[in-house]
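Here is a friendly briefing to read alongside the model. Please keep the viewer open as you go through the points.

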Amino acid sequence: MSPASMLVRLHDVAFPLLVAAADWCSVDREPTYGFLLKDQEPLQIQGGEGAGSSVSVAYVHPRLPAASAGLRLADQLISVNERTVRGIRAEEVSQWIRRMTIARIQPLQLEVARGGSRQIVHLWAVPACQFSVQLLESNQINGIADGKHVGVTAGAMRFVRSDDELAWLLAHEIAHNLLNHSQNVRLHAMLNAFLGATTGASPEASV
């Protein structure tokens with residue numbers, strides 16, 4: 001299994017768990033739409049207005065609001081609530097979206113370039129735990145949590161045979177965060193070591 005396919009599988013399982021655990025994340029909770037953004041070369045669109053956005057959709061969860069609204073993989077963003085995102089990095093665009101969503105500016109309106117034309121999608125957010133989920137480049141079979149992140153090693157991804165087993169592993173690490181087990185200094189050191197050595201951590205920004 002390639003790192004890219006591992007990331008898709010990891011997000012497919014993780015997003016619904018983060019939504020399901022929202023009631024227990026009274027502090028570390030934020031609205032989500034279930035998609036990820038990444039930086040990419042601009043796309044030419046019809047109308048003679050030049051290139052679209054340098055930010056594109058890297059992932060869409062099939063059962064969360066973004067997919068239901070019609071957002072698709074590889075869509076390139078032109079604007080967020082009529083504010084152009086041309087030349088802005090994916091992480092900054094994601095921060096815009098977070099701020100608008102926390103301010104309850106709903107629905108979120110995205111204008112995207114798709115197949116040479118423009119599309120408008122409207123999204124309504126759902127609450128989720130605010131934990132970043134990352135793939136760690138290690139052959140060890142392990143999952144790690146530090147209070148803000150959940151890490152799963154490539155070795156663990158290859159070891160678990162079903163999505164149910166992966167869900168159990170992720171739920172276990174999410175529970176560590178919910179119960180503040182990250183105060184354990186050894187756990188912090190382990191996570192930092194993994195993150196420092198990995199080349200498999202996801203570069204996408206989630207929203």
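The notes below go from the whole chain to its cores, a helix pair and some backbone details.

This is a predicted model, in which local features need pLDDT of at least 70 and side-chain atom pairs count only at pLDDT 80 or more, while totals for chains, interfaces and linings use all residues. Residues are numbered from 1 along each chain as its sequence is written, and side-chain values use heavy atoms, with hydrogens and water left out.

**Overall picture**

- The protein's secondary structure amounts to 6 helices and 12 strands; helices (H or I, at least four residues) and strands (E, at least two) are DSSP runs, numbered from the N terminus.
- Of its 207 residues, 47% count as buried, where buried means under 20% relative accessible area, exposed over 50% and partly exposed in between (1.4 Å probe, protein chains only).
- Taking contacts (heavy atoms within 4.5 Å) between residues at least 6 apart in sequence, 62% join residues at least 24 apart.

**Nonpolar cores**

- A nonpolar core here is a set of buried Ala, Val, Leu, Ile, Met, Phe, Trp, Tyr and Cys residues joined through side-chain atoms within 4.5 Å.
- The largest such core has 24 residues, and Leu10, Val152, Leu166 and Leu170 have the most contacts inside it.
- At least two residues of this core come from each of helix H1 (3-20), strand S8 (126-129), strand S9 (132-136), strand S11 (149-153), helix H4 (154-159) and helix H5 (163-178).
- H1 contributes the most to this core, with 6 residues.
- Apart from this core lies another, of 23 residues, with Tyr33, Val55, Leu77 and Ala90 among them.
- Beyond its neighbours within four places in sequence, Leu170 touches Leu10, Val13, Ala14, Leu17, Val133, Val150 and Val152.

**The H1 and H5 pair**

- Two packed helices are described by the angle between their axes and the distance between the axes.
- The axes of H1 and H5 come within 10 Å and cross at roughly 55°; axes are lines fitted to C-alpha atoms, for helices over the stretch in contact, and angles run from 0 to 180 degrees between N-to-C directions.
- H1 and H5 are therefore oblique to each other, since angles under 35 degrees count as roughly parallel, over 145 as roughly antiparallel, 65 to 115 as roughly perpendicular and the rest as oblique.
- On the H1 side, Arg9, Leu10, Val13, Ala14, Leu17 and Leu18 meet Asp163, Leu166, Ala167, Leu170, Ala171 and Ile174 of H5.

**Backbone details**

- Gln106 and Pro107 are joined by a cis peptide bond, with omega about -5°.
- Pro107 sits in the loop between helix H3 (90-102) and strand S6 (108-114).
- Arg104, also in the loop between H3 and S6, is a residue other than glycine with a positive phi, near 65°.
- Arg104 counts as exposed because its relative accessibility is 74%.
- Asn81 is not a glycine either, yet has a positive phi of about 50°.
- Asn81 lies in the loop between strand S4 (76-80) and strand S5 (83-84), and counts as partly exposed because its relative accessibility is 24%.

**Around Pro65**

- Pro65 belongs to helix H2 (residues 65-69) and counts as buried, at 16% relative accessibility.
- Pro65 and Trp124 are 59 residues apart along the chain, with 6.4 Å separating their C-alpha atoms.
- Leaving out neighbours within four places in sequence, Pro65 is in contact with Thr32, Tyr33, Trp124 and Val126.
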